[in-house]
Amino acid sequence: MHAALLMTVIDSSKREDKMAKVLRCADMGSECNWVGRAETEEDLFKMAAKHAAEAHGMKEIPKELLAKAKAVIRNE
Ligand SMILES: [Zn+2]
């Protein structure tokens, strides 16, 4: 009984480690359906910056937008 319960706890903590950071362009107030997924916030922002440049013609992401992006990042 107790061993089985322990396994369940370990399993769920492993799953949490694998949770991805998710950023949706739509959450930034855009009508774009791009969704970025990465293991770390840093990687996610790199992807987002690349997407913003390619899809939205933004050479640089303004600080306000970066702050907004941080606020809408989800763990999934
Ligand atoms: Zn977009």
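I began by noting that a nonpolar core is a set of buried Ala, Val, Leu, Ile, Met, Phe, Trp, Tyr and Cys residues joined through C-beta atoms within 7 Å. I also wrote down that a residue is buried if 20 or more other C-beta atoms lie within 10 Å of its own, exposed if 12 or fewer, and partly exposed in between, with the C-beta atoms placed from the backbone.

I kept in mind that this is a predicted model, in which local features need pLDDT of at least 70 and side-chain atom pairs count only at pLDDT 80 or more, while totals for chains, interfaces and linings use all residues. Residues are numbered from 1 along each chain as its sequence is written.

**Core.** I looked up the largest nonpolar core and found 6 residues in it, namely L23, L44, F45, A48, A52 and A69. Helix α2 (residues 41-56) gives the largest share of this core, 4 residues. Here helices (H or I, at least four residues) and strands (E, at least two) are DSSP runs, numbered from the N terminus.

**Helix α2.** Which residues of α2 are buried? I listed L44, F45, A48 and A52. They cover an arc of only 95 degrees around the axis, so they sit on the same side of α2; the arc is that of the directions from the helix axis to the C-beta atoms. On the other side of α2, I found E42, K50 and E54 exposed.

I then asked what the buried residues of α2 pack against, and I found β1 (21-24), β2 (35-38) and α3 (63-72). Two residues count as in contact if their C-beta atoms, placed from the backbone, lie within 7 Å. Not counting residues up to four places away in sequence, A52 touches M58 and I61. Just after α2, I noted that G57 takes a positive phi of about 65 degrees.

**Sheet.** I traced an open sheet of 3 strands in the order β2-β1-β3, with antiparallel pairing. β2 and β3 stand at the edges with a single partner strand each, so one side of each has no neighbour in the sheet. Two strands pair if DSSP finds at least two bridges between them. I found 4 bridges between β1 and β2, and 2 bridges joining β1 to β3 (residues 74-75). V22 has R37 as its bridge partner in β2 and R74 as its bridge partner in β3, while K21 has N75 as its bridge partner in β3.
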